[in-house]
Amino acid sequence: MCEWHDVFQPIFQVDKDLKPSVDHYEMLLRDQNGKFPIDDFFRVIGTEEDNQQWIQTESQALAKVFKACPNIHVNLNIEPVQFAYPSV
């Protein structure tokens with residue numbers, strides 16, 4: 001597997017007084033160049049079994065995040081092709 005890492009991009013909510021606050025975070029997968037590893041990612045989730053392994057790996061990463069920051073909210077992106085797998 002390539003060298004990937006998760007990035008948590010803050011999503012802000014702005015109130016009527018234009019005061020921003022972090023509402024939640026979007027979890028993004030990035031390579032060593034800061035880009036989404038599109039070709040490698042689709043290779044890694046190419047079968048349902050591989051996709052399940054990927055989900056398990058990301059679940060473990062998220063468990064660490066939630067242990068350190070239990071009150072944050074995180075949104076995840078799912079590629080449409082992943083919905084083809086009954087387990088998703």
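Val81 is partly exposed, at 39% relative accessible area (partly exposed falls between buried, under 20%, and exposed, over 50%, using a 1.4 Å probe and protein chains only). In this predicted model, Val81 sits in the segment after β3 (74-76). Together with Phe36, Ile38 and Phe42, Val81 forms a nonpolar patch on the surface, with about 300 Å² of accessible area together. Patch members have over 30% relative accessible area and no salt bridge, and nonpolar side chains are joined within 5 Å.

## The nonpolar core

Six residues make up the largest nonpolar core: Trp4, Leu29, Phe41, Val44, Ile45 and Trp54. Such a core joins buried nonpolar residues through side-chain atoms within 4.5 Å.

## Gln9 on strand β1

Gln9 belongs to strand β1 (residues 4-14) and is partly exposed, with a relative accessible area of 35%. Beyond four places in sequence, Gln9 touches His24, Tyr25, Glu26 and Leu28. Asn75 is 66 residues from Gln9 in sequence, yet their C-alpha atoms are 9.7 Å apart.

## Confidence and conventions

The chain has a mean pLDDT (the predictor's confidence in each residue, from 0 to 100) of 93, and 98% of its residues reach 70 or more.

Residues are numbered from 1 along each chain as its sequence is written. Local features need pLDDT of at least 70 and side-chain atom pairs 80 or more, while totals for chains, interfaces and linings use all residues, and side-chain values use heavy atoms, without hydrogens and water.

Note on methods: Patches are made of residues with over 30% relative accessible area and no salt bridge: like charges are joined within 9 Å, nonpolar side chains (Val, Leu, Ile, Met, Phe, Trp, Tyr) within 5 Å. Accessible areas come from the Shrake-Rupley method with a 1.4 Å probe; for residues, only the protein chains shown count as cover. A salt bridge is a side-chain nitrogen of Lys or Arg within 4 Å of a carboxyl oxygen of Asp or Glu. Helices (H or I, at least four residues) and strands (E, at least two) are DSSP runs, numbered from the N terminus. Contact means heavy atoms within 4.5 Å.
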